[in-house]
Amino acid sequence: MATANNQTTTSNWSDLTHECLVNILTRLTLKDRWVGPMLVCKSWLQVSKDPCLHTVFDLEQAFKLYPNECASWWAPEFERKVDNMVRRVVEWSEGGVTEIRVRHCSDRVIDLLAKRCQNLEILSIKSCPNVTDESMIKIAFACPKLKELDISYCYEISHKSLLALGQKCPHLSTLKRNLMNCLDPSQHIGIVPASYLNACPQDGDSEAAAIGKFMPQILHLELRFSKLTPRGLALITERCKNLEHLDLWGCVNVKNRDIANLTSGLTNLKTVKKINFYIPRSGVNAERYGHWRLYDDRFQTDAFRI
């Protein structure tokens, strides 16, 4: 606006109050917050670290933006970058994180979540070759408010974790424990390390027993390509009477007739996905991992270095 002296005054965005800046940043996407405001000035960087902005950290939608998984995600360097991002979020949230959705993290950050984030309600850590029972059992004991868990494609997690989670997390209503496509492994060759593919868990009935015995409250259960048998499925359906969604797509050891018979008593069941022995590639590719260029040059600044 022009003044009496014909001078022009300009607004200084760095002079906005902390509350005003927080209100602005809450309207941005996660990606925009991380690659924009943090690089503007020191005051904006400080506001970007406000705990209320970091209760939810969701990279899953970012991974889904690209149709093909990247082999480099399985490299230690990528895992360290994901770990560093989660570590920052836990620090900035002052332990107030309630939702984490990432891939390719390690035991290091799962241990940190168990130590600092007792209010965690949603944890999704798909494709984490270095997350083990040791850290997941810590989550079970430290995070009793857990409601949703996705440990798909995490082959170092076994029925031991499910036993602990079922006993210590009474509010757990969604469990996703999908395995990689064993009917068409060609989609993973050259991307996922062969040693990891060959380590696919074989204890489907042990996991089913843990779910059936200690998770009777479960509503949404995904076990794609699990090795469970009709016996294991029976252990689930006999105890988990409140099931609303059951995904058994690709479970080659159970037949559609077994599924129909064993789920007939589940009166709340709304959807059930059954085995399909002919699985077209177009179908399986729909769930392949995507990629978001999280680690480009904009991340290599002194203000935001991971």
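Strand β2 (residues 99-103) and strand β3 run parallel and are joined by five bridges, where strands pair if DSSP finds at least two bridges between them. This is a predicted model, in which local features need pLDDT of at least 70, side-chain atom pairs count only at pLDDT 80 or more, and totals for chains, interfaces and linings use all residues. Residues are numbered from 1 along each chain as its sequence is written, and side-chain values use heavy atoms, with hydrogens and water left out.

- From β2 the chain passes through helix α6 (residues 107-116) to β3 in a right-handed β-α-β crossover, meaning that, with the strands pointing away from the viewer, the path from the first strand over the helix to the second runs clockwise.
- Strand β4 (residues 148-150) also pairs with β3 in the parallel sense, over three bridges, and there L149 stands opposite L123.
- A right-handed β-α-β unit is made by β3, helix α7 (residues 133-142) and β4.

**Burial of β3**
- Five of the five residues of β3 (residues 122-126) are buried, that is, under 20% relative accessible area with a 1.4 Å probe and protein chains only.
- In a regular strand, side chains alternate between the two faces of the sheet.
- On one side of β3 the buried residues are I122, S124 and K126, and on the other they are L123 and I125.

**Second largest cavity**
- The lining of the second largest cavity is made by R177, L179, P201, G204, E207, S226 and K227, lining residues being those with an atom within 4 Å of a point on a 1 Å grid where a 1.4 Å probe fits but cannot get out.

Technical notes:
On a 1 Å grid over the protein atoms alone, a cavity is a set of points where a 1.4 Å probe fits but cannot get out, and a pocket is an open set with protein on both sides within 12 Å along at least five of seven lines; lining residues have an atom within 4 Å of a point. Buried means under 20% relative accessible area, exposed over 50%, partly exposed in between (1.4 Å probe, protein chains only). Helices (H or I, at least four residues) and strands (E, at least two) are DSSP runs, numbered from the N terminus.
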